[in-house]
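Dear colleague,

Please find the structure below, handed over for your records.

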Amino acid sequence: MARRKKNKDNSEKEMLLKVVEIPADAAEELGEDFPRPKKRHFVRNFLLLLICFLLLAVFAPFFHVQSITVKGNTYISAEDVCRIAGLHQGDSIFLVQPEALAAALKQDLRIEEAQAERVFPNGIALTVKESKPVATIACDYGYLDLNQKGEVLDAYKYLKQMKIPMITG
């Protein structure tokens, strides 16, 4: 074991590093390009600036939903459409996903088709195609409106108006 330590010490002593300094003029003559640390700093600073800009865009009040436009609704109120979609004023326009809004609206039986899109800088446009009631039937709990498929669209206790035929019997 003593020999190994001695050999190890000798090899460390024998190992010498030669440092050669090349003048700047000679490096240019040789055609060698040396990496410049400024480029790395530029890329890092650019990425940092980009991330800050994205965070500012997401959380800035300028890009919060302030206007919600609902088109195509006749039976369902605009407030109900927004409630079904889960859309609220003040949400960031970048965090609102139009596909998720449309999918949530299509879950409701009263809505056949739905479409949502961002309106920059601070708006959301919802377009719905409602399932229209074709008949009303009386039941023990009140009245039910039905669509062409026989699905219940609305239930209410008292009959308000007779806009559609009533099925009795």
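The side chains of D108 and R110 meet in a salt bridge, with N and O 3.1 Å apart; the term denotes a side-chain nitrogen of Lys or Arg within 4 Å of a carboxyl oxygen of Asp or Glu. D108 is buried, at a relative accessible area of 17% (buried means under 20%, exposed over 50%, and partly exposed in between, with a 1.4 Å probe and protein chains only).

Please note that this is a predicted model, in which local features need pLDDT of at least 70 and side-chain atom pairs count only at pLDDT 80 or more, while totals for chains, interfaces and linings use all residues. Residues are numbered from 1 along each chain as its sequence is written, and side-chain values use heavy atoms, with hydrogens and water left out.

The count of salt bridges comes to three. K129 pairs with E112, their closest N and O atoms being 3.9 Å apart. Because K129 lies in strand β3 (residues 123-130) and E112 in strand β2 (residues 111-119), this pair ties together parts that are 17 residues apart in sequence. Helices (H or I, at least four residues) and strands (E, at least two) are DSSP runs, numbered from the N terminus. K129 is partly exposed, at 43%, and E112 is likewise partly exposed, at 43%.

R83 and D80 also form a salt bridge, at 3.7 Å from N to O. Both residues lie in helix α4 (residues 78-85), three residues apart, or about one turn of the helix. R83 is exposed, with a relative accessible area of 55%, whereas D80 is partly exposed at 26%.

Leaving aside residues up to four places away in sequence, V81 is in contact (heavy atoms within 4.5 Å) with V70, I76, L105, L126 and V128.

Yours sincerely
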